[in-house]
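Please look through the sequence and the model below before reading on. The paragraphs after them are meant to be read with the structure open beside the text.

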Amino acid sequence: MPRDFMNGLRLQKRCRLGKSAQANGYTGHWLGECKVMWKSCVTAMVAISVAATSTAGASSAPKRQALENLRGTELIEYAAAPYIQFRQDVDYVAGAIPADEGTMRSAHHRLASHDQRALAGAWVAYAGMIAADTPEFVSSIAALRRQMGDKGLNEKLINDPSMVRNLRGSQAAVDAILAFAANDAAKVNALGNAMISKAYSLQDSPWARRKLAQRGMERVDQAIAFAARRDWKTPAVKAKSQRGLKSPNLDHTNIWSVSWAGDKAKLGSNVRAGSIVTKALILGAHYTMDNATNDILAAHGTSARSERCFTSAKLNLDQCVAATRTPYEEAFCLGQHALNDMSSCIGWPAGVSAAGS
């Protein structure tokens with residue numbers, strides 16, 4: 001282990017979450033005092049964390065049918081599944097906010113096991129399925145299909161993909177996508193804040209103040225090993241077909257539902273419904289026509305900004321856990337980076353971000 005990092009662990013006593021933190025605000029105490037220190041004491045291990053993250057990403061992908069054998073609606077559903085798996089883990093942690101070291105370890109392993117690049121693409125694919133579930137958007141695709149035929153419309157989408165933003169029903173789909181982003185971000189952020197509040201209360205619990213047996217990087221490695229052997233299970237959507245057009249029928253499968261997070265969050269003041277939403281509309285059109293291919297997914301099924309955001313959240317989580325010595329400190333890492341940072345990655349197109357991320 002690099003000497004600078006080991007020195008950082010010893011210096012961490014200055015950053016322990018004491019009772020005085022509550023008066024000044026938990027996040028301010030931790031990030032304000034500790035983040036500067038971490039930039040020097042954790043820099044030496046960044047390469048280790050990046051390598052670890054890459055390993056987890058390569059091995060933790062769901063063991064399903066080979067991607068190259070999929071097309072049409074199945075391909076887009078496959079691409080969207082990692083986002084649904086993240087939702088499943090959010091629900092799991094919400095139902096079992098750590099009350100002992102075992103549930104703390106389980107929460108860490110689950111939240112740390114997601115492939116960040118896959119999550120970035122999964123957001124776009126799931127948003128595309130929302131578009132394909134928006135009646136006004138589907139009606140516009142149906143009208144073009146009658147006018148141009150399947151081949152003509154497919155060629156139009158390939159050669160002029162931005163045309164989807166000008167369809168009569170596109171705004172309804174955009175609104176639905178932004179509402180999903182805001183609502184899901186709010187739900188994940190609320191759980192992150194609850195986890196941080198839990199870290200406060202855990203300071204009064206002997207088990208949570210006790211020094212953990214494993215070093216921080218050992219716990220990061222354990223999470224990577226968990227991801228490698230994880231058995232991913234995602235309920236299938238109950239898609240429907242009408243007049244040759246497909247709809248994912250999302251609200252008929254709870255974990256896939258657009259209503260998973262409720263419908264209360266407001267859009268932020270800096271909505272960015274740009275290229276990432278256009279890509280989602282394109283995938284939505286191809287879902288509706290059941291003709292998505294790997295080339296289409298490669299061209300439109302990702303977002304560089306989202307990839308950077310999700311990857312940064314995971315790197316911050318690994319670094320944070322690596323610098324912890326007690327369960328209550330680890331609870332903060334999960335709340336701030338595994339949940340609040342992730343909520344910002346989910347919500348930024350809707351102008352939503354977690355305070356303090």
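The model is predicted, so local features are described only where pLDDT is at least 70 and side-chain atom pairs only at pLDDT 80 or more, while totals for chains, interfaces and linings use all residues. Residues are numbered from 1 along each chain as its sequence is written, and side-chain values use heavy atoms, with hydrogens and water left out.

The chain has 15 helices and two strands, these being DSSP runs numbered from the N terminus, with helices (H or I) of at least four residues and strands (E) of at least two. Of its 357 residues, 53% count as buried, where buried means under 20% relative accessible area, exposed means over 50%, and partly exposed lies in between, for a 1.4 Å probe and protein chains only. The chain exposes about 15,400 Å², of which carbon and sulfur atoms supply 50%; accessible areas come from the Shrake-Rupley method with a 1.4 Å probe, and for residues only the protein chains shown count as cover. Among contacts (heavy atoms within 4.5 Å) between residues at least 6 apart in sequence, 81% join residues at least 24 apart.

The axes of H5 (residues 72-95) and H9 (residues 170-202) come within 11 Å and cross at roughly 35°, the axes being lines fitted to C-alpha atoms over the stretch in contact and the angles running from 0 to 180 degrees between N-to-C directions. The crossing of H5 and H9 is left-handed, a term used if the near helix is turned anticlockwise from the far one by less than a right angle. On the H5 side, Tyr83, Phe86, Arg87, Val90, Asp91, Val93 and Ala94 take part, and they meet Phe180, Asp184, Lys187, Val188, Leu191 and Met195 of H9. The residues of this contact divide into nine nonpolar, no polar and four charged, with Ala, Val, Leu, Ile, Met, Phe, Trp, Tyr, Cys and Pro counted as nonpolar, Asp, Glu, Lys and Arg as charged, and the others, Gly among them, as polar.

Helix H9 also holds Ala172, which counts as partly exposed because its relative accessible area is 25%. Leaving aside neighbours within four places in sequence, Ala172 is in contact with Thr134 and Glu136, and its C-alpha atom is separated by 6.9 Å from that of Phe137, 35 residues apart along the chain. In the loop between H8 (135-159) and H9 lies Pro161, which touches Lys156, Thr278, Ile282 and His300 when residues up to four places away in sequence are not counted. The C-alpha atoms of Pro161 and His300, 139 residues apart along the chain, are separated by 9.4 Å.

Helix H11 (residues 216-229) has 14 residues and reaches 21 Å from its first C-alpha to its last, close to the 20 Å expected at 1.5 Å a residue. Its buried residues are Gly216, Met217, Arg219, Val220, Ala223, Ile224, Phe226 and Ala227.

Arg243, in the loop between strands E1 (240-242) and E2 (245-247), has a phi near 55°, and it counts as exposed because its relative accessibility is 76%. Asp290, in the loop between H12 (275-289) and H13 (294-300), has a phi near 60°, and it counts as partly exposed because its relative accessibility is 32%.

Key
Expected span 1.5 Å × (residues − 1).
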